[in-house]
Amino acid sequence: MTERNYDTALKEIEKFVKEREEIIKSAGDWIDRYIADRALPMELKDKCADWQQELIDVLEAQVLEAKDYYICVKEKMDQM
């Protein structure tokens, strides 16, 4: 890969991480508002809380993997 390819990959990883971090923040807010709706049965509120946590866990795992990948790509680029 050329230095330009590495630079492009690093920018795409940064973009991916920023997008996922925004989704994590937004997902919490969306689902919290939905759960706060008093018209929902408690069973649905519990399911929403579980889904919220599952979504956040997946997104956080993606962010961690992307950051690790960023470090690897950066090290390869620095070796050039």
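**Notes on charged side chains**

1. Let me start with Lys74, which is partly exposed, with a relative accessible area of 34%. Please keep in mind throughout that this is a predicted model. The side chain of Lys74 meets that of Asp78 in a salt bridge, at 3.9 Å from N to O. Both residues belong to helix α2 and sit four residues apart, about one turn of the helix. Asp78 is exposed, its relative accessible area being 54%.

2. How many salt bridges does a search of the whole structure find? The count is six. The Lys74 and Asp78 pair is described above, and two others are taken up in the next points.

3. A pair in helix α1 is worth a look as well. Asp7 forms a salt bridge with Lys11, and their closest N and O atoms are 3.3 Å apart. Helix α1 covers residues 3-36, and because Asp7 and Lys11 are four residues apart in it, about one helical turn separates them. Asp7 is partly exposed, at a relative accessible area of 31%.

4. Which residue does Lys67 pair with in a salt bridge? The partner is Glu21, with 3.6 Å between the closest N and O atoms. Lys67 lies in helix α2 (residues 42-79) and Glu21 in helix α1, so this pair ties together parts that are 46 residues apart in sequence. Lys67 is partly exposed, with a relative accessible area of 38%. Glu21 also counts as partly exposed, at 30% relative accessibility.

5. Now to the surface charge. Asp46, Asp50, Glu54, Asp57 and Glu60 gather there in a patch of negative charge. One of these residues, Glu54, has its place in helix α2. At 47% relative accessibility, Glu54 counts as partly exposed, because the exposed class requires a value over 50%.

6. Finally, is Arg20 buried or exposed? Arg20 has a relative accessible area of 18% and is buried, since the cut-off for that class is under 20%. Arg20 is placed in helix α1. Leaving aside residues up to four places away in sequence, Arg20 touches Leu59, Gln62 and Val63. When you view the model, you could look at these contacts of Arg20 together with the Lys67 and Glu21 salt bridge.

Definitions and conventions:
Residues numbered from 1 in each chain as written. Predicted model: local features only at pLDDT ≥ 70, side-chain atom pairs only at ≥ 80, totals over all residues. Heavy atoms only, no water. Salt bridge = Lys/Arg side-chain N within 4 Å of Asp/Glu carboxyl O. Helix = DSSP H or I, 4+ residues; strand = E, 2+ residues; numbered from the N terminus. Buried < 20%, exposed > 50% of the residue type's maximum accessible area, 1.4 Å probe, protein only. Patch = residues over 30% accessible without salt bridge, like charges linked within 9 Å, V, L, I, M, F, W, Y side chains within 5 Å. Areas by Shrake-Rupley, 256 points an atom, 1.4 Å probe, with all protein chains shown as cover. Lys, Arg positive; Asp, Glu negative; His and termini not counted. Charge placed at Lys NZ, Arg CZ, Asp CG, Glu CD. Contact = heavy atoms within 4.5 Å.
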